[in-house]
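Subject: Structure handover, strand pairing

Hello,

Here is the structure for your files. My notes on the strands follow below it.

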Amino acid sequence: MRQTILLFLSILISATTLAQVSSSERQALIDLYEATQGEFWTQSWNLEEDVAQWHGVTVKEDKVVALHLGMNNLKGELPTSIGQLKHLESLELFFNKISGELPESIGDLAQLKKLVLNGNFISGALPQSLYTLNQLEELMITSNQLSGTINPAIAQLKALKKLHLFDNAIGGVLPKELTQLKELKELILANNRIVGTIPFGLADSMHQLQLDGNLMDSYEAVASNE
């Protein structure tokens with residue numbers, strides 16, 4: 001009888017441990033694993049283990065709050081279901097082989113503060129939904145294949161401190177709405193196809209402003225004001 005009770009408790013504890021995050025969050029992670037050839041990642045996941053044990057996944061209070069898989073050989077497109085990670089505060093997938101366009105569902109990550117996708121093969125314009133992430137403090141998608149323009153809706157990102165989009169194919173003019181971002185201290189857009197001039201007052205509060213390597217009538221490169 002004692003052994004039966006212990007076995008039951010062991011199963012109950014194991015089941016409780018494996019149920020730390022919602023089924024939708026767990027499935028979103030599995031979708032990412034399958035869409036980016038997880039079996040070939042540098043550090044792969046054992047899908048039979050607790051989500052909290054998976055490499056690069058941070059779970060807090062039964063919610064996935066961070067996903068850090070930089071330099072981990074992810075290859076493929078981000079699945080639409082990534083938007084199910086609704087409690088995510090930090091998403092870092094830099095220096096992988098992620099391709100395709102960013103899904104519109106990225107805008108469902110309402111708690112996101114940090115998005116780092118440097119050094120991939122992401123193409124297309126920034127999705128419109130991205131501009132609704134009003135908690136976002138760092139947006140870094142350098143050295144990809146982004147095109148399109150920076151939408152005036154950028155003004156909605158009131159918390160933004162760092163905007164790094166250098167080494168892409170972004171065109172158009174710099175929207176004057178960038179000057180409304182009072183927290184923005186680093187704007188690095190070098191080596192794109194931006195035209196026109198710098199909006200008046202944009203450089204006033206910048207610690208870093210780098211626009212060289214574009215097609216602008218004039219540009220200003222400020223290494224540091226500190």
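Two strands count as paired if DSSP finds at least two bridges between them. Strands (E, at least two residues) and helices (H or I, at least four) are DSSP runs, numbered from the N terminus.

This is a predicted model, in which local features need pLDDT of at least 70, side-chain atom pairs count only at pLDDT 80 or more, and totals for chains, interfaces and linings use all residues. Residues are numbered from 1 along each chain as its sequence is written, and side-chain values use heavy atoms, leaving out hydrogens and water.

Strands β3, β5 and β7:
Strand β5 (residues 97–101) pairs with β7 (residues 121–124) in the parallel sense, over three bridges. There, E101 is opposite S123. Strand β3 (residues 75–77) also runs parallel to β5, with three bridges joining them; E77 has S99 as its bridge partner.

The eight-strand sheet:
An open sheet of mixed pairing has the order β1-β2-β4-β6-β8-β10-β11-β12. Because β1 (57–60) and β12 (208–210) are at the edges with a single partner strand each, one side of each has no neighbour in the sheet. From one strand to the next, the twist averages 15 degrees (axes are lines fitted to C-alpha atoms, for helices over the stretch in contact; angles run from 0 to 180 degrees between N-to-C directions).

β11 (residues 186–188) and β12 are parallel and joined by three bridges, with L187 opposite L209. Helix α2 (residues 23–35) packs on the sheet and touches β1 and β2 (63–68), contact meaning heavy atoms within 4.5 Å. The direction of α2 makes about 20 degrees with that of β2.

Regards
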